[in-house]
Amino acid sequence: MQISTRRNDKATIFDLSGDMDFANSPVVRDSVLREIRENRSPRVLVNLSRVRYMDSSGVASLVEGLKASRDLGSRFILVGLSTSTRDVLQLSRLIKVFEVYDSEEQAMAS
C-alpha cells in the first residue's frame, strides 16, 4: 500500500495505491485519523482509484475516518472508487453512508 498526501486550502487528499487489506489498513487508518484530528482539515478526500482490493479491515478503516471527521464537523469523501472497492461498499451496505464522487474535481466543487 502506498499513501501520498496532498493539501490545499480546502482539503487534504489521500491518494492510495495497492491493496487495502488486514496487513495494510492500520497504516491507512493511522494516517487518515492523524490528519483529521491534528490538522482538522475541513474536507478529507480519499482517492481509491488505484486501490485494487479492499477487505473488511479496509472498510473498517474508512468507517473510523468517517466517524472521526463527523465528530469534528469535517467532511470525509471517497473519490474514484474502482469496481472492486465499490462492490465491497455495496455488499456491506455502506455505500450510502459515505459521501462518494467519481472524481476529485466533483468532490471539490460540492
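This briefing describes the fold of one protein chain and several of its residues.

The model is predicted: local features need pLDDT of at least 70, side-chain atom pairs count only at pLDDT 80 or more, and totals for chains, interfaces and linings use all residues. Residues are numbered from 1 along each chain as its sequence is written, and side-chain values use heavy atoms, with hydrogens and water left out. The protein has four helices and five strands; these are DSSP runs numbered from the N terminus, with at least four residues (H or I) for a helix and at least two (E) for a strand.

**Overall fold**

- Read from the N terminus, the elements follow the order β-β-α-β-α-β-α-β-α.
- The radius of gyration is 12 Å, close to the 13 Å that the globule rule gives for 110 residues, so the protein is as compact as a globular protein of that length. This radius is taken over C-alpha atoms, and the globule rule is 2.2 Å times the number of residues to the power 0.38.
- Along the principal axes, the C-alpha atoms fill a box of roughly 30 × 25 × 25 Å.
- Of the 110 residues, 45% are buried (buried means under 20% relative accessible area, exposed over 50%, and partly exposed in between, with a 1.4 Å probe and protein chains only).
- The accessible surface comes to about 5,900 Å², and carbon and sulfur atoms account for 48% of it. Such areas come from the Shrake-Rupley method with a 1.4 Å probe, and for residues only the protein chains shown count as cover.
- Among contacts with a separation of 6 or more, 68% are between residues 24 or more positions apart; contact means heavy atoms within 4.5 Å.

**Strands S3 and S4**

- Strand S3 (residues 43-54) and S4 run parallel and are joined by five bridges; two strands pair if DSSP finds at least two bridges between them.
- Asn47 has Val79, in S4, as its bridge partner.
- Four of the five residues of S4 are buried, so this strand is largely enclosed by the rest of the structure.

**The aromatic pair**

- A search of the whole structure finds one aromatic pair. Phe76 and Phe98 form this pair, which is tilted, with 6.3 Å centre to centre and 45 degrees between the planes.
- Rings of Phe, Tyr and Trp (its six-membered ring) pair if their centres lie within 6.5 Å; planes under 30 degrees apart count as stacked, over 60 as edge-to-face and the rest as tilted.
- The pair links distant parts of the chain, 22 residues apart: Phe76 is in strand S4 (residues 75-79), while Phe98 is in the loop between H3 and strand S5 (99-101).
- Both Phe76 and Phe98 are buried.

**Thr85 in helix H3**

- Thr85 belongs to helix H3 (residues 83-91), and its relative accessibility of 0% means that it counts as buried.
- A polar atom of the Thr85 side chain lies 2.9 Å from the backbone nitrogen of Ser82.
- Apart from neighbours within four places in sequence, Thr85 is in contact with Val51 and Met54.

**Residues in loops**

- Asp21 is in the loop between strand S2 (12-20) and helix H1 (25-39). Leaving aside neighbours within four places in sequence, Asp21 is in contact with Pro26, Tyr53, Asp55 and Ser57.
- Arg40 is in the loop between H1 and S3. Its phi is near 50 degrees, a positive value in a residue other than glycine, and at 54% relative accessibility Arg40 counts as exposed.
- Arg93 is in the loop between H3 and S5. Its phi, near 60 degrees, is also positive in a residue other than glycine, and Arg93 is exposed, with a relative accessible area of 72%.

Notes. A polar contact is a pair of N or O atoms within 3.5 Å; within protein, one must be able to donate a hydrogen and the other to accept it, and residues adjacent in sequence count only if both atoms are side-chain atoms.
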